[in-house]
Amino acid sequence: MSKPPIDLNDPSIEACKSTCFFCHTNCGTIAYVKDGEVIRVEGDPDHSTNRGGLCSRGNIALKHLDHPDRINTPLKRKGEKGAGQWEEITWEQALDEIAERLKVIREESGAEALATCGGTVRTDDWARRRFMNLFGSPNSFHNALLCWIPTFMIETAVSGWSPFGADLDNARIAVLWGANPGASVLPTMRTLTDCQKKGMKLMVIDPRYTATAAHADLWVPLRPGSDLALALAWLNVIIGEYLYDEDFCRDYCTGFDELAEHVKQYTPQWAAPLTDLTPTQIRESARMYAKNKPGSIMWGTSMDQQGRASGAAIHARALIRAIMGNINVTGGDIQTGPGLEFMVDEEFECNDVLSEEQRAKQLGSDKYKLCTWPGYGLIRDIALDTWGAAPPSEWMCEANAPSVWRAILEGEPYRVRALICCATNPVNSYGDSKVVLEALKKVEFLVTCEYWMTSAALYADYVMPIAGALERPVIHNNYGCATVFHGGRRAISPLHDRGTDFQFWRGLGLRLGQDDEEDWPWECEEEAYFDIVYPTGLEIESYDEFVDEIGGSYSSDFNPNAWREEGFPTRSGKVELKSSVLEELGYPGLPTYVGAPEAHAEDPEVVESFPLILTTGGGFMPFHHSEEFNIKELRFLRPDPYFDINPETAQKLGIKKKDWCWIETMRGRIKQRACLTNGIAPNTIYTQRGWWYPERTLTPGEDDPFGVLESNTNVLTAASFEDCDPISGTWACRGLRCRVYKVQEGGAR
Ligand code: SF4
């Protein structure tokens, strides 16, 4: 049924430029507000990202706003952890009591005994980092290690800033390597198809024939987790066939000769059995990218999710782009650098107040050095020298999540006693869910900031009700990593007794002795965002004016050719193919092959027991991670979880379409329904991520609240220390060993 038209002449209706909050794209919306109530949300036709469109998630903003499952007031635990018994209290009481408990823990065990984790926060994670730095703990962490952070840091180590902006309008080819925007980020997909109409070629490298692969000129169906082998073989082909940009490599790169020598061993014949591609497919795909210059290799999460193979794979991909001279050229990948004309997140984080002594205690920083203080400190210093601004620590410098769970459970190297989870259910979104759930049950003091009651919130001592889209302003600035930002207003004040995450961290900080003038000079987000915008010199007197009068978008002047005169923003002024930053941290300067993402995956006994290869972690509509499962209009579209299996394999295993099946790895098993598709190789399985069942009634003492271990793909993922990438610390969601079998009658749920 179509919606009745809004009477735009009705003076009692205000059209407010707001922002969608259901994925990182932050599309522009228009919220129509009458008498303090949002009556309609539509896509903003003037917003450059979505140009009026909204996906199914964006279209349920009103359902989300006042959903009956939303937590509307702070909850304090009564009775045993996990019993689901709560007392409703005020924000003041909750913040007072949480602060009091944290004060005691800090006095007894040091500030590092508090850890905080984030998830799908799309703005203001700097406030969490600011709080933690002022509190004195280095143990902020994130599941963003699975999403862009290793890529950003390794590419920055190589060329001085990640060239993550693509000039697709002028590109002759775009390579999507482990990205599926057709199922996750629809505005990107539209841009790609528009460019294809103008003649751009599209290559998709993905084990699955996805919605995006269906649009490709070439689909490269590599074996999950073999991206490193393919990238090394591409380097071998491009260099061996003299397809690289000789002038660029001579004048603007260091280490080319050593790279050329190093990759001689990685021939297409060598890579073929590792990738399940033929040598011809490998050669043809490398040639297609190299011969269609300028071109872009767009970022996709796949390489960030391959555990111990991730860092080297990302490094190799960065070198392919570099030796082709496809950085900072028209039609190539663009290194915008930080936003120099506005305040970047790093300037809000108070990183300098955290002492060297506390930085050294960051969990995991002794093992995984690039995305923790040792590597971040190095990269931050170089960026401050070259650019004059640094990437945000909130994302790029994290305690290693698997190390935090271990510290909670085993007290090694010290006990983490308190955990605050903000905008994340770690059981769904971090690796090896059973370990995570155990850690949440065991941690001495747990606070969650949430929309809903989840399996994590259930074990909390306090649950804080967090405001969402429409109830808060949003600024989308890539955390200061790019030169563009968009912003939207809050359409209404938070409903009920909800508050924002900024309000939570500020309120807690003030109660712990942080100063309201120096440390937290802004009383609300709008005041802080005005500080972000103010240096642009725009003639505005408030953040809301920036949205209403200027349109909520800002783009710095940017000269992509400046590097020709000024050099690259690295210590040598060149693209460092052999990375001095990685070498200084004790890693190989050139990408070197390591085997499958899971440590034991090549053991013959394991291969026999777990004959199939699992890939997971990819997004799918209409959900974003584990969000929106409460919204029945979206669950209607996807009532059950499905995994992809080739019909040939299914037949051998006696599996029919829609059968509930167990998918099992060395860490556990989950059940999903079978989707038989030729779009996946016979040796490969793909599982959907994020699944839980918020509709389930809780029973006291339940081991699997809301079925969070039943169909959740992270029960299967690998996050032991040996499985993690030695460079970045990310864990493995792709290329894992698994087996599949039917759920027996009566066991389907
Ligand atoms: S892609 Fe969809 S969920 Fe993401 S911001 Fe846009 S409308 Fe919202």
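This is a predicted model: local features need pLDDT of at least 70, side-chain atom pairs count only at pLDDT 80 or more; totals for chains, interfaces and linings use all residues.

**The aromatic rings and their setting**

Author: A search of the whole structure finds 42 aromatic pairs, a pair being two rings of Phe, Tyr or Trp (its six-membered ring) with centres within 6.5 Å, stacked if the planes are under 30 degrees apart, edge-to-face if over 60 and tilted otherwise. One of them joins Trp 405 to Tyr 430, and because the ring centres are 5.6 Å apart while the planes meet at 85 degrees, the pair is edge-to-face. Trp 405 belongs to helix H15 (residues 401-410), whereas Tyr 430 falls in the loop between helix H16 (426-429) and helix H17 (433-442), so the contact ties together parts that are 25 residues apart in sequence; helices (H or I, at least four residues) and strands (E, at least two) are DSSP runs numbered from the N terminus.

Residues are numbered from 1 along each chain as its sequence is written, and side-chain values use heavy atoms, without hydrogens or water.

Trp 405 counts as buried because its relative accessibility is 3%, and Tyr 430 does so with a value of 0%. A second pair is formed by Phe 445 and Tyr 462, whose ring centres lie 6.0 Å apart and whose planes stand at 70 degrees, so this pair too is edge-to-face. Here the partners come from strands, with Phe 445 in strand E16 (residues 445-450) and Tyr 462 in strand E17 (residues 462-465), and the pair therefore ties together parts that are 17 residues apart in sequence. Phe 445 is buried, at a relative accessible area of 1%, and Tyr 462, at 7% relative accessibility, counts as buried as well.

Beyond these separate pairs, a cluster linked by ring pairs takes in Phe 342, Phe 485, Tyr 529, Tyr 543, Phe 546 and Tyr 554.

Rings also face charged groups. The charged end of Arg 406 sits over the ring of Phe 721, at 4.0 Å from the ring centre, a placement that requires NZ of Lys or CZ of Arg within 6 Å of the centre and within 35 degrees of the ring normal. In a second case the charged end of Arg 696 sits over the ring of Tyr 693, and the distance to the centre is 4.3 Å.

As for the backbone, most residues other than glycine have a negative phi, and most peptide bonds are trans. Tyr 479 has a positive phi of about 60 degrees although it is not a glycine. This tyrosine is found in the loop between strand E18 (474-476) and strand E19 (484-488), and Tyr 479 is buried, with a relative accessible area of 12%. Phe 706 likewise has a positive phi, of about 55 degrees, without being a glycine. Its place is the loop between strand E26 (684-687) and strand E27 (734-742), where Phe 706 counts as buried at 6% relative accessibility.

The bond from Lys 293 to Pro 294 is cis, with omega near 5 degrees, and Pro 294 is found in the loop between helix H10 (279-291) and strand E13 (295-298). The bond from Met 621 to Pro 622 is also cis, again with omega near 5 degrees, and Pro 622 is found in the loop between strand E22 (612-615) and helix H24 (632-635).

Thr 193 itself is in helix H5 (residues 186-197) and, at 18% relative accessibility, counts as buried.

Key: Buried means under 20% relative accessible area, exposed over 50%, partly exposed in between (1.4 Å probe, protein chains only).
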